[in-house]
Amino acid sequence: MSEILASIRPDEQNPALLLHVLGAMILVGGLLTGASALALARGNAGNLRLGYWSLLALALPGWILMRVGAQWIYSEQGWDALPDDVDEPAWLAIGYIVADAGGLVLLISLITGGIGVRRLKAGGGSGLLKATVILALVLLAAYVVAAWAMAGKPD
Amino acid sequence: MSLDDWILALHVLSAFAFVGGIVLFWVLIVASRSIDTPADTIRIQPIATVGGRVVMIGATGTIVFGIWLAFSYGGYDPWDGWILAAVVLWFAASGVGARTGAEYTKAFDRARELESAGRLEPDAELLALNRTSRGAALHLAGSLLLLLLLVDMIWKPGA
């Protein structure tokens, strides 16, 4: 199935796909950096801040680019014009659910992490930053599943 | 899902790991520009180790699964121009990446040297090594090669 889709994709759809994939890669890179820096910080304030700012300055913009690209290619490929009685393929549904629910989790992780980083100066915030690293790792795992579904296109 | 679909999924996941690791190193390059003490240099080394392993796994998976697909996928051949271009870009990006790594390893080595000598204060040479413009230029070149590789994979010119 993916072979057929790959071979028939018109060139006009490629900029949208590039934006979608590039955004997703930046998102994954931001999550990887954020989770690594936070998980390996061992209480070091510099690494904790580095981890939080990676989520804010990379993962969030990456998520926005990925989501804009997704909507663009969704429209370019005519998925928004499917008849009501035709279901979207499973890989598309998985991608949408993970992207949107993941965006919400990312937002929550940024709020908890932001409060945690602010409390660092007063010697607190470690619990909130632990929650942030768990959320970032969950997101990373979820986006691996989404990337697998997008690429392998299970029925 | 067919075996080819699984291999394609692993190929794409490997590409995500490869680029994700490169993104991680951009963060470390920017963050380390203001670092001039051994302790602060050493504290980012574990993150760099994670990045290095992820890049290694991603780069290996990308080429191995990619070549597999080039042989097994219907409609594509390993000698197609866009596939050959991708292989050349992969080797170029990997070569540049290895040289970038060697450039930044100098800062970690210097930090360890200073730490073992008990010199924990800011060090001008360490700052210069952390700010290496050669390392940043190499990383930029590697990133641009990967971007070209991604464009080649998506557009598949001549396919």
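A residue counts as buried under 20% relative accessible area, as exposed over 50%, and as partly exposed in between. By that scale B:Trp68 is partly exposed, because its relative accessible area is 39%. The model discussed here is a predicted one, and B:Trp68 lies in helix H3 of chain B. Together with B:Met1, B:Leu3 and B:Trp6, B:Trp68 makes a nonpolar surface patch of about 420 Å².

**Confidence and overall build**

The model as a whole scores ipTM 0.94 and pTM 0.93. Chain B has an average pLDDT of 95, and 100% of its residues score at least 70. Within chain B, the lowest confidence falls in helix H2 (residues 38–43), with a mean of 95, while the highest is found in H6(B), at 97.

Chain A contains five helices and zero strands, so that, by the way such elements are assigned as DSSP runs and numbered from the N terminus, its pattern along the sequence is α-α-α-α-α. Chain B has six helices and zero strands, and its elements run α-α-α-α-α-α from the N terminus on.

| Chain | Residues and share buried | C-alpha extent along principal axes | Accessible surface and carbon and sulfur share |
|---|---|---|---|
| A | 155 residues, 47% buried | roughly 55 × 30 × 20 Å | about 7,400 Å², 68% |
| B | 159 residues, 49% buried | about 60 × 25 × 20 Å | about 7,700 Å², 70% |

In chain A, of the contacts with a separation of 6 or more, 74% are accounted for by residues 24 or more positions apart. In chain B, among contacts between residues at least 6 apart in sequence, 81% join residues at least 24 apart.

In soluble globular proteins, nonpolar side chains tend to be buried together. The largest nonpolar core in this model has 65 residues, and the members that touch the most others are A:Leu27, A:Leu31, A:Leu106 and A:Tyr143. Both chains contribute to this core: at least two residues each come from helices H2 (14–39), H3 (45–76), H4 (90–120) and H5 (126–152) of chain A, and from helices H1 (3–32), H3 (45–72), H4 (81–116) and H6 (133–155) of chain B. The most is given by H2(A), which supplies 13 residues.

Which residues does A:Leu106 contact, once its neighbours within four places in sequence are left aside? They are A:Leu27, A:Leu31, A:Ala59, A:Leu60, A:Trp63 and A:Leu139.

**Two residues with positive phi**

Most residues other than glycine have a negative phi. A:Arg42, although not a glycine, has a positive phi of about 50°, and this residue is found in the loop between H2 and H3 of chain A. Is A:Arg42 buried or exposed? A:Arg42 counts as exposed, because its relative accessibility is 83%.

B:Lys156 is likewise not a glycine and has a positive phi, of about 45°; its place is in the segment after H6 of chain B. B:Lys156 counts as buried, because its relative accessibility is 16%, which falls under the 20% limit for a buried residue.

Definitions and conventions
Residues are numbered from 1 along each chain as its sequence is written. Chains are lettered from A and ligands numbered from 1 in the order in which they are written. This is a predicted model: local features need pLDDT of at least 70, side-chain atom pairs count only at pLDDT 80 or more; totals for chains, interfaces and linings use all residues. Side-chain values use heavy atoms; hydrogens and water are left out. A nonpolar core is a set of buried Ala, Val, Leu, Ile, Met, Phe, Trp, Tyr and Cys residues joined through side-chain atoms within 4.5 Å. Buried means under 20% relative accessible area, exposed over 50%, partly exposed in between (1.4 Å probe, protein chains only). Helices (H or I, at least four residues) and strands (E, at least two) are DSSP runs, numbered from the N terminus. Contact means heavy atoms within 4.5 Å. Patches are made of residues with over 30% relative accessible area and no salt bridge: like charges are joined within 9 Å, nonpolar side chains (Val, Leu, Ile, Met, Phe, Trp, Tyr) within 5 Å. Accessible areas come from the Shrake-Rupley method with a 1.4 Å probe; for residues, only the protein chains shown count as cover. A salt bridge is a side-chain nitrogen of Lys or Arg within 4 Å of a carboxyl oxygen of Asp or Glu. pLDDT is the predictor's confidence in each residue, from 0 to 100.
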